[in-house]
Amino acid sequence: MSANRVPQRILLPVLALAMACGPMSAPPDEPEQAGARSPATELEAFSTSHDGVSNPSRVEDIAPGQPGSAPSSLTDVAGRLFFIATDAEHGTELWKSDGSSRGTRLVEDITPGPESSEFHALTAVGRTLFFVRATPDYRAELWKSDGTAGGTSHVMDIDPSTSVWGPPELTAFRGSLFFVATDEEHGTELWKSDGTPGGTSRVVDLVPGPESAYPRELTVVGGSLYFFAAHALWRTDGTEAGTVLVRRFESTEPNEFPHFLSATDAAGTLYFFMFFDYEDREDPPGFVTLWKSDGTPEGTVPLAEVRPPGEDLDAFSMTAAGRRVFFLSSDPAAGVEPWTSDGTPGGTRRIADLRPGPDSSHPRELTALGGVLYFCAYVPGLGDELWRSDGTPGGTRLVKDILSGEPSPSLAFLKAEGGRLFFTAREPRTGHELWTSDGTRKGTHRVDDLAPGAFSSSPRDFTRSGSRLFFVAQDRYRGAELWSAKLDSRGRLSGAEFLSAESSSMRSGSGPAYLLQDLVPGLGDPSLYSAVDADGRLFFFARDLSTGLEPWTSDGTPEGTRLVKDLRPGPEGSVSRFTYEQAMVSRGRRVFFTADDGIHGRELWTSDGTERGTRLVKDILPGPGSSGATPFVAGGVLFIVADDGVHGSELWKSDGTAAGTVLVRDIFPGEPGSGPFHLNELRGSLIFLATDPVHGPELWRSNGTPEGTFRVSETDIGFKYEPMRVVGDLLFFNAEDWVHGYGEELWRSDGTPEGTFMLGDLAPGTQGSYPATLTGVGGKAFFFAYNQVYGREPWVSDGTPEGTRLLKDVNPGDFWSVSYPGTGAASDGTFFFAAASPGYGEELWKSDGTEAGTVLVKDINPGPASSTLWAELYGVDGRLLFGADDGVHGAELWKSDASRRGTRLVQELVPGLKGSMPFPRYFIRSGRNVFFLADDLATGKEWWVVPVRALD
């Protein structure tokens, strides 16, 4: 059924990343039970859990190997499942399944061959599936399918001249499909279709002529279809005569228009949010108004003004459970909490302040089941857990504390199907796996460990079709594929078995490197940043489904990879995305980093890798304001750049205690301070740039004492914001000599005024050579620079003007024949770099510091094609690690011992031409392992690990 090649084009869905969940108190009548079973040792192992739940089965490995077929848009059509998936032979196309391997097959290869189709808005109307297919010229066409190739066809080309429809709003109503479409004569209006060209027509032209009404928020309520268009609420029975105005909304202010959000049916009543603002508003206003409507003008009334819960309009979601609607709203006194409305102004209120006070409980994943709302929320001491509510304070309670105490299970993808909740939750020893709940503590448990151990199967997209529950899950060997399990009459999983004969021994791309852990299930990005080694443990910033950017640690094993502490509970995170790259350093077994817990502002924290050993060092700027507190270690001293609100941004130091965190010297009294930056260690002291009242940015040194902090340079030069590099006993940096009119050139300093000077006018005149990517090897600085004669090529310097010279003209000629050298790295006395040369493209080169010793290591991708474009190079124990594409395996992990024969592929993380795009990168050694980031197309960008001994 499926080919053994990697698809040439993979259309992967954008998975909504969930935020955070938390507990208060468990129901007194249900004792806590330990429901976690030990992980299965084989994928085929069959085990039964609490209420007869058995192993779900993978339906079919559509695209063998790690990339997987990436199923998406799972849609039930009268007991048959339709979905979108990718294989190598057909690209991304429409598939169907009855829950068996034999019954899981391609419906039709609409775009023949490996090229892909693009599908949107799969919608069931009776026994017919409707969908929108995007054409290669970016037009949108309406299609239908009955599950057969012959019954899959284009319905009608509404207007060949129209490039796009906009949001199609496909909606099933009274046995027909209603949608929004555009034609040249009538603009964007409401249409309907029975699946035939003759039965596809415009319902009504609300704004006559080519101007558009722009219908949106199509919502079925009882026997009517409601929608918003032309600044008004409308309802229709599907005919032009039966399309009537319910209420028009007009602002008393000029240039303000109504915005409608989140229309929802609750037991026959329409609820929606509305606010007035300028027409192209994209950010939320200060308040929105909750309305309800019974379909009459007098019955369309406002209920309450509420504050938005988030920073974008998508935050205005609403969930109906029984006769109530539930939504999120913010309040200065209570933060963001769950709210409800029973359709009366008095009954529109906050349910409870789960986390008392102004801090939010960060509720999310609002899901209705049996007239009850289920959601996730954070409460101090309990973490982020599953809750339920009937809309009253007394009926709002914790379902189960899945992970006891503060650790949070990162619940996500809540879906009610067959009378039960299904979701994914993370446990330290099982990763993100399939869980279910009937709303009781006893009935809330893990179904199975589909990807044994700490790896994650990341189940999602739960969809009931017939008697089966379908979902997307992954393991390390097959990637993201379609799975299913049988549902009994009570909605419990039972009687499942594996439907494919393939075993876990069929793993592709075997080798020494392994995935550390899937922090964010699916293809989501955990935003891994600022990694640092501390005595054999890796510390880094990352986020999972229940936290923002927070400190994590790893010993190189999946089980030993964990959140250190959720310093700022909830999805916001304690680490600013603007400061993460310079926000973590190590000293001994401890790390120091900058974080904001939401109380003290962005200040200095420290951790030994345990929750108890993670603490604030000092609130340098007391209160919620931030000092910035960026740490750096030099000469064994922990320096900090911080602003205490009195001295401006200045140099501080710390011994790890509040009392020992003190100002070193007030270089520039008052605000904004001297602003120290480009901190480096030189000869056991700190060397940095700072500004005093007389001079602009100049070089300074410090040993951590006031008297030992002094200005090094006093020259009329312009320091550049390019990073400075220490090589041996010298600091190399970029600067302009404004007195002599030299452009940006390479300078050096030994920490003394007389030892600070320009190394040469490498690009004569005012143009500048713009040195970049300095790398120290054997006491010499290798770098790339521009010259009018040679173009941009590799250079070398021993720190003297006469010893600063062109290394080699790799691509002979002037500016237009530059070699475009890329990143460089040192390994065992050899300088490695990537550069383009005639006939070879960009490949791996090496140098011993001489022209004769600067040679191509290997033409990895033979011929003029490049193998190492934008690759990162990393030296470790006499070996070089890097990402390369040889034209056969895609971008994968390579190593080199500086010889042609010793330059070879380490491991194919993603079999086939696709590769682990864009390249394995961000290498860092910690203990006996090298960590690096890669994307196997199934788990997204995550940490991978390769043992150093495996590189021999």
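Which residue forms a salt bridge with Glu-141, and how far apart are the closest N and O atoms? The partner is Arg-133, and the closest N and O atoms are 4.0 Å apart. This comes from a predicted model. Glu-141 is buried, because its relative accessible area of 11% falls under the 20% cut-off. Arg-133 also counts as buried, at 10% relative accessibility.

Step back to the whole chain. It has 952 residues, and 59% of them count as buried. There are 73 strands and 0 helices. Among contacts with a separation of 6 or more, 49% join residues 24 or more positions apart. The accessible surface comes to about 36000 Å². Carbon and sulfur atoms hold 51% of that surface.

Strand E8 (residues 140-145) pairs with E9 in the antiparallel sense over 3 bridges. Leu-142 has Met-156 in E9 as its bridge partner.

Another open sheet runs E38-E39-E40-E41, again 4 strands with antiparallel pairing. Its edge strands are E38 (529-534) and E41 (562-563), each pairing on one side only. E38 and strand E39 (residues 537-542) are antiparallel and share 4 bridges. Asp-533 stands opposite Leu-538 in E39.

Salt bridges come next. The count is 15. Arg-426 forms one with Asp-544, with the closest N and O atoms 2.8 Å apart. Arg-426 lies in strand E31 (residues 420-427) and Asp-544 in the loop between E39 and strand E40 (550-554), so the pair ties together parts that are 118 residues apart in sequence. Arg-426 is buried, with a relative accessible area of 9%. Asp-544 is buried as well, at 2%. Elsewhere, Arg-364, Glu-365 and Asp-384 are linked in a network of salt bridges.

Arg-590 and Asp-608 form another salt bridge, at 3.9 Å from N to O. Arg-590 sits in strand E43 (residues 590-596), while Asp-608 is in the loop between E44 and strand E45 (615-618), 18 residues apart. Arg-590 is partly exposed at 23% relative accessibility. Asp-608 is partly exposed too, at 32%.

Is Thr-606 buried or exposed? At 0% relative accessibility, Thr-606 counts as buried. Thr-606 lies in strand E44 (residues 602-607). Its side chain makes a polar contact with the side chain of Arg-590 at 3.0 Å. The side chain of Thr-606 also reaches the backbone oxygen of Val-591 at 3.0 Å. Beyond four places in sequence, the residues Thr-606 touches include Phe-592, Phe-593, Gly-613 and Val-617.

Thr-319 is in strand E22 (residues 318-321). Thr-319 is buried, with a relative accessible area of 15%. Its side chain reaches the backbone oxygen of Leu-366 at 3.5 Å. Leaving aside neighbours within four places, Thr-319 is in contact with several residues, among them Val-325, Phe-326, Thr-367 and Leu-373. Leu-373 is 54 residues away along the chain, yet the C-alpha atoms of Thr-319 and Leu-373 are separated by 8.2 Å.

Notes
Residues are numbered from 1 along each chain as its sequence is written. This is a predicted model: local features need pLDDT of at least 70, side-chain atom pairs count only at pLDDT 80 or more; totals for chains, interfaces and linings use all residues. Side-chain values use heavy atoms; hydrogens and water are left out. Helices (H or I, at least four residues) and strands (E, at least two) are DSSP runs, numbered from the N terminus. Buried means under 20% relative accessible area, exposed over 50%, partly exposed in between (1.4 Å probe, protein chains only). A polar contact is a pair of N or O atoms within 3.5 Å; within protein, one must be able to donate a hydrogen and the other to accept it, and residues adjacent in sequence count only if both atoms are side-chain atoms. Contact means heavy atoms within 4.5 Å. Two strands pair if DSSP finds at least two bridges between them. Accessible areas come from the Shrake-Rupley method with a 1.4 Å probe; for residues, only the protein chains shown count as cover. A salt bridge is a side-chain nitrogen of Lys or Arg within 4 Å of a carboxyl oxygen of Asp or Glu.
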